[in-house]
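I opened this entry to record what I looked up, in the order I looked it up.

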Amino acid sequence: MIDCRRVARSSLHPLTGESHEWVVVDEGRSIPWTSYAGPLRLSQADFAGACRTLLAIEPADVPDVALDHAEIGSADGPERRIILHSTTPTTRGFETDLAAMAEGRVPVDITTYTETRALYLARPGDLAVGRLRPWRLAPTAPGVERLALDDTDHYYMSHALLHRAVNRGERDPVLARLIAWLRERRATVLSVYDFEPELQLLVAWLARRAGVHRVRVDANDPRLVAWNRKGTLHPTVEAALAVDVDPTADPTRALDLERRASDAFRILGEPLAVLPGYTVTRHSGRDAFHQDFLRAGKLLSERYGLTQACLKPSEGGDGGRIVVGIDLADHARLAELASRAWTSGGDQVIEAHVTYLQRDVNGERIPVAPSTHLRDGSVLDGLTLQFMRGPSWKGNIYVDRPGWQALGLGRAAYDEIRAEMAALTGRLRHHGLVQAGIDFAVGTLGGRFEDTVVVAIQDINAKLTGAVLLREFMARHPIDTSAGAATRVFRPAASATPSAVQHHLSTKPAGGTRRELIATVPGRWGMLAVTGATPLEAGALALTAEQDLIAEGLAADGWPTR
């Protein structure tokens, strides 16, 4: 049970500017809260109450009612948009940030950077909604109207808006402005990070108050929420145990049978090319969870001869709470991880550990873990390789087929990834999938797979992903065929202002290239973008730009603890 305690301050809070701060009490331990946003969240009871108060419905009715008032579409046309990017509880950003604070680390501040970086996507004539100090200080295009929400106490902006709708309704100035905007500009497109239940409820309420039949929302059909859970891709331990597998047969045969025991197969009717792995659910209680956790490791060992695994929360983001390189023979370690996973909450996935193919970019080893992307229902050109720090994403490098081959990677793998993306999105498009990012692994598993290089899906993100910022940068600064572009996530200095960072980037570009600031959350998270003559050069220039900022004292070297 988590309790949030508000404590008065003798001076204004350095992050929020408020005269109070928060302490989170988790299982009796007091943890100082160190985010730009507060720790308050709506409980399930709060959400149910909001459903009844605002629309006289029950929580289970929200997706259907939302679709009565929302039209799923794209924001790529000339229509004005409302930019409202709230991170979603389904990615468990709160839990990820709290875990960092509990361990004495500086949190990434997921909710703050999600709100702040959205301003980069705003165009003249758009209305951008936000609330936190980095969002208020961030630059944006001329002609963008900012609508500032006076609430730093809730972690999720969607929760803050719902709280105000319940308690103040149309008397709240921010909600009144949104209602008036929708009433006056009926072709408006609402751009969201994810069309989560809280926003579904809010949109339906806003539409009714504005007298608008439907609000166009740049998001997926909310009934596709299962695809944001990694557990959808893998069978449960119980389902896997029911599969009759010959441990002496070709391991790909066993893998195909297990893929057909997953929820993904039940939905699609076809197996997805995923890694060996199992979903450990919580529905039967702690003892059953612990037992299934150990059984999952045993299945990987016995059926595939694997020696290492990776633990991932089924619902999560930014690499939070992922544990890699788990020794499957270390039963004490597995038992410890099972206990920790139960405490952290949510279903878990135990998956084969991948030894990725790697490429050197300016001295940094980049795993071949490419992503493909869908926008407006269409698969976008090329792939993006991912900068990684441990299991966390730290930017992208755009790569087309010639660029892929120039990195010494086989054309067959590139074409296989593109084909798998096209097939999957083709099957889901008629279910309302308009935007997504799919992460792949290219590497070896060992065990009975030996040194065979596998290409497999690791994660499906059925929402707006960070790579959209690279795509937006490329749209603003078109690159020639075979040229490259890259984004890089860095840790800004606490004193680094957006104007200082952008000024430094703009004064030191290499000949013919561009360097641009996407967003910065001082002391927490920043992103820059560059162009280059080739994908490899773009990646190298992104790393050089980060080092330049470090040398000028505008960024920190690494991701230190407090």
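My notes on this structure follow.

**Ground rules.** I worked from a predicted model, in which local features need pLDDT of at least 70, side-chain atom pairs count only at pLDDT 80 or more, and totals for chains, interfaces and linings use all residues. Residues are numbered from 1 along each chain as its sequence is written, and side-chain values use heavy atoms, with hydrogens and water left out.

**Domains.** I began with the domain assignment, which gives domain 1 (2-223), domain 2 (227-356) and domain 3 (364-552). Such bounds come from an automatic or database domain assignment. I then took the centres of domain 1 and domain 2 over C-alpha atoms and found them 33 Å apart. Their contact (heavy atoms within 4.5 Å) takes 10 residues from domain 1 and 11 residues from domain 2.

**Interface of domain 1 and domain 2.** The size of an interface is often given as the accessible area lost when the parts come together. Buried area here is the accessible area (1.4 Å probe) that two parts lose on being put together, summed over both. For domain 1 and domain 2 I noted about 780 Å², with 45% of it on carbon and sulfur atoms. On the side of domain 1, Thr-90, Arg-92 and Thr-96 lose the most area to domain 2, and together they make up 52% of what that side buries.

I looked next for specific pairs across this interface. The rule finds zero salt bridges there, a salt bridge being a side-chain nitrogen of Lys or Arg within 4 Å of a carboxyl oxygen of Asp or Glu. It does find one residue pair in polar contact, both at pLDDT 80 or more. A polar contact is a pair of N or O atoms within 3.5 Å; within protein, one must be able to donate a hydrogen and the other to accept it, and residues adjacent in sequence count only if both atoms are side-chain atoms.

Which elements give two or more residues to the side of domain 1 that touches domain 2? They are helix H3 (93-102) and helix H4 (110-117). Helices (H or I, at least four residues) and strands (E, at least two) are DSSP runs, numbered from the N terminus. The residues of that side divide into three nonpolar, three polar and four charged. In this count Ala, Val, Leu, Ile, Met, Phe, Trp, Tyr, Cys and Pro are nonpolar, Asp, Glu, Lys and Arg are charged, and the others, Gly among them, are polar.

Is H4 largely enclosed or left open? Eight of its eight residues are buried, so H4 is largely enclosed by the rest of the structure. Buried means under 20% relative accessible area, exposed over 50%, and partly exposed in between (1.4 Å probe, protein chains only). The buried residues include Ile-110, Tyr-113 and Arg-117.

Asp-109 sits in the loop between H3 and H4. Asp-109 is buried, at 0% relative accessibility, and has a positive phi of about 65° without being a glycine. Most residues other than glycine have a negative phi. I found another positive phi at Asp-376, near 55°. Asp-376 is in the loop between strand S17 (371-375) and strand S18 (378-379), and it is partly exposed at 43%.

Arg-41, Arg-92 and Glu-95 are linked in a network of them.

I looked at three single pairs.

- Arg-168 pairs with Asp-172, the closest N and O atoms being 3.8 Å apart; Arg-168 is partly exposed at 37%, while Asp-172 is buried at 0%.
- Glu-270 meets Arg-427 at 3.2 Å, N to O. Glu-270 is in the loop between helix H11 (263-268) and strand S10 (277-280), and Arg-427 is in helix H15, 157 residues apart. Glu-270 is partly exposed at 39%, and Arg-427 is buried at 16%.
- Glu-364 meets Arg-488 at 3.1 Å, N to O. Glu-364 lies in strand S16 (residues 364-367) and Arg-488 in strand S23 (residues 484-492), so the pair ties together parts 124 residues apart in sequence. Arg-488 is buried at 2%.

I also noted Arg-81, in strand S5 (residues 81-84) and buried at 5%. A polar contact of 2.8 Å joins its side chain to that of Asp-126.
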